[in-house]
Amino acid sequence: MMRQYELVERVQRYKPDVNEALLNKAYVYAMQKHGHQKRASGDPYFSHPLEVAAILTEMHMDEATIAVALLHDTIEDTTATRAEIDELFGPEMGKLVEGLTKLKKLDLVSKKAEQAENLRKLLLAISEDVRVLLVKLADRLHNMRTLHHMREDKRLRIAEETMEIYAPLAGRMGMQGMREELEEIAFRYINPEAHRMVTERLAEMFERSKGVLTEIEKSLSTLFEKYAIKADVTSRQKKPWSVFRKMEAKALSFEQLSDIFGFRVVVDTVPDCYRALGAIHTTWSMVPGRFKDYISTPKQNDYRSIHTTIVGPSRQRVELQIRTQEMNKVAEYGVAAHSIYKDFGSKEAGAKPNGATHQISKETNAYAWLRRTIEQLAEGDNPEDFLENTKLELFQDQVFCFTPKGMLIALPRGATPIDFAYAVHTDVGDSCVGAKVNGRIMPLMTELKNGDEVEIIRSKAQVPPAAWESIVVTGKARSAIRRATKNAIRKQYSGLGMRILERAFERTGKSFTKESLKPVLHRLARKDIEDVLSAVGRGELASADVIKAVFPDYKDERVTAPVPKQKEEGWSRIRNAAGMLFQIPGRSSRRGKDQPKDGAVPIRGVRGDLPVHFAPEGAVPGDRIVGIVQPGSGITIYPIQSPSLTAFDDQPERWIDVRWDIDENNKERFPARVSVTAINAPGSLADIAQVIASNDANIHTLSMVRTAPDFTEMLIDLEVWDVKHLNRLLSQLKENSSVSDARRVNG
């Protein structure tokens, strides 16, 4: 374990006037607070913050950031308090440490909501001070390096979270080296077989290509000497995750990849970059469409470089990156390379106590993007939407478009004019009715290309359609559309949610009032009462979670008995057997003696205690369901998202409150309908049937609904165990080479 003096010496190498007292104080305090705590590896817990600090010294961070790294787990995992940190190290450092502390005390009902709220808190802290990000990424990197000590289930969860959030976040901040290592380790745990295969193939290819790589390096170096350009030429190899991702995205085999190896040319000045480019292009032929100038138009993460691909000395394609030393530093360390530090421990006026240092960050594109994103994503989204939209914003492959006035708008690849409109301003997106691309009116689903000039046509009467959500690719656009759609239907679902909660509370023997929700809004991760009611009405929030939030000590000890067989037939039999979600006109609200105590029909499959039928599209455990009374023939069960239910909107007396009541010891399969678009090729149907069979599902019926020269669309009625089973099956169908699309049909 690193000693105090060793840590100080590391910082002194790049900052000779280091504040030793601050580092020593933080070292001793953190070591005492963590005491005899152990990590999963058996090492002293203090070794973790020490290694996080060491990672930050490699990035040449100031002593305040190093001290925060030493302290980052004290509030969360020891008896340390924010007040104590403030007193010993100053309120600025206390704020940074608190920004790195998870929200354990919020007691949120949903685990997903808890993850989202912790991410929201972290991003808000980062938007105020970028040092929070640097410490958090270093913290995650060390945890990933020691992930093999964790339980297998924990390893997978942490690896997936790293791949979905922290690696892209590092990339967005321009920290490519950090991103690549995080992706590499996460890939190893998420898909070990693919990681092993790609790593072995890359090693084999490198051994075979050593001679060619050396030859190209020499040719390039000789060329630059001829033109009197001082340049450092090095070869580089794509990382395993980057190779695998490209193979997956473009359906390529390993042998079809042409850019596994590339060359980096580092020069002294920007003019030298263009001189080097001119020398290369006048000596070898350029591959059309493979030239990108990120010096004149930097990426949003401040990355600057010239990319080009040539047909090189041995008639093979050679990918080149040309940049300056400064650009190379920014490409590696991102926002950390932009930091300027001012020591407030000196005798200057306004010096801060305890020798703390303060960071002044340049206004980088990456950091400005982060703050804008936080402002956009914090506008009223529920936790699940926030999490989803944040992930969308983190992934990037950009195109650059322009407004008619010449303003540059950077968008993800695949973006549409709708995304462009929302990138300009939310009001522009909400009022968008059409678009001109390069002077021509084009459909709103048109995919934008680099250099497009986009003019948005607006109307005050416009309300963004819900269908736009499936067209856009940016988190901002999706969030705004979803918010507008929710506002439009909020009242409708709010009333339904109110009735559901009233019935749910009544079943528990409790009384429900809107006021009872006010003190627990934070536990439900909703901003107001109407949000709770509409979320329950939409099925996003379970009534049981609301009861748990209002009455934390309540335990549901009811035992559901099967509904007794009724002697009556037809309409009267159904009405007496089921508690109604909506009151039937002319009928007393008092329950019949044979009704279930909770007023809901227990669904036990097709051969149940009531004449129960499923809608043509089926319903499976895990779906939120409703029953529709069919006079004389029983109850038909529909998933709540079925469009067929609109036919009964004006007949509330036919709606029945139903729920699943599955016997785990005697499981049954349930019906579901899927649409599969398959490539017209011999064996395609057999491939699809094999996937279904291998997933323990059963084909009930199959019909071809549309055929074309290249594909066939078929409807398949399946029998599956539950919604997780169905989703897993759909995922594997999509991965099959014979299938271009597979989705569930909801009416």
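User: Which strands form the open sheet, and in what order do they lie?

Analyst: A general idea comes first: strands of a sheet pair through backbone hydrogen bonds, either parallel or antiparallel. In this predicted model, four strands make up an open sheet whose order is β15-β17-β16-β18, with mixed pairing. The edge strands are β15 (612-614) and β18 (655-656), each of which pairs on one side only.

User: How many bridges join β15 to β17, and which residue stands opposite Phe614?

Analyst: β15 and strand β17 (residues 634-639) run parallel and are joined by three bridges. Phe614 stands opposite Ile637 in β17.

User: Strand β6 is my next topic. Which strands are joined to β6, and in which sense, parallel or antiparallel?

Analyst: Strand β2 (residues 261-267) runs parallel to β6, and six bridges join the two. In that pairing, Val267 stands opposite Thr324 of β6. Strand β5 (residues 306-311) also pairs with β6 over six bridges, but in the antiparallel sense. Here Thr308 is the residue opposite Leu320 in β6. The hairpin of β5 and β6 has five residues between the strands, and Arg315 in this hairpin takes a positive phi near 65°.

User: Is strand β6 mostly covered or exposed?

Analyst: In a regular strand the side chains alternate between the two faces of the sheet. Strand β6 (residues 317-324) is mostly covered, since seven of its eight residues are buried.

User: Glu319 lies in β6. With which residue does Glu319 form a salt bridge?

Analyst: The partner of Glu319 is Arg290, and the closest N and O atoms are 3.4 Å apart. This pair links distant parts of the chain: Glu319 belongs to strand β6, whereas Arg290 sits in the loop between β3 (285-286) and β4 (292-293), 29 residues apart. Glu319 counts as buried because its relative accessibility is 16%, a value under the 20% cut-off. Arg290 is partly exposed, with a relative accessible area of 27%.

User: How many salt bridges does the structure hold, and which residues are linked in a network?

Analyst: The structure holds 27 salt bridges. Lys15, Asp17 and Glu63 are linked in a network of them. A further case is the salt bridge in which the side chains of Arg743 and Asp741 meet, at 3.9 Å from N to O. Both of these residues are partly exposed: Arg743 has a relative accessible area of 41%, and Asp741 has a relative accessibility of 32%.

User: Which residues of helix α13 are buried, and why do they lie on the same side?

Analyst: The buried residues in helix α13 (residues 240-250) are Pro240, Trp241, Val243, Phe244 and Met247. They lie on the same side of α13 because they cover an arc of only 160° around the axis. Their cover includes α10 (152-172), α11 (176-190) and α12 (192-226). On the other side of α13, Ala249 and Lys250 are exposed. After α13 comes Ala251, whose phi is positive, near 55°.

User: Which residues form the nonpolar patch on the surface?

Analyst: The patch consists of Leu685, Ile699, Leu702 and Met704, which together have about 320 Å² of accessible area. Strand β21 (residues 698-707) gives the most to this patch, with three residues. Leu685 lies in helix α25 (residues 684-694) and is partly exposed, with a relative accessible area of 43%.

User: What do the totals say about the protein chain?

Analyst: The protein chain has 26 helices and 23 strands, and 49% of its 747 residues count as buried. Among contacts between residues at least 6 apart in sequence, 66% join residues at least 24 apart.

Key
Residues numbered from 1 in each chain as written. Predicted model: local features only at pLDDT ≥ 70, side-chain atom pairs only at ≥ 80, totals over all residues. Heavy atoms only, no water. Patch = residues over 30% accessible without salt bridge, like charges linked within 9 Å, V, L, I, M, F, W, Y side chains within 5 Å. Areas by Shrake-Rupley, 256 points an atom, 1.4 Å probe, with all protein chains shown as cover. Salt bridge = Lys/Arg side-chain N within 4 Å of Asp/Glu carboxyl O. Buried < 20%, exposed > 50% of the residue type's maximum accessible area, 1.4 Å probe, protein only. Arc of directions from axis to C-beta. Contact = heavy atoms within 4.5 Å. Pairing = 2+ DSSP bridges.
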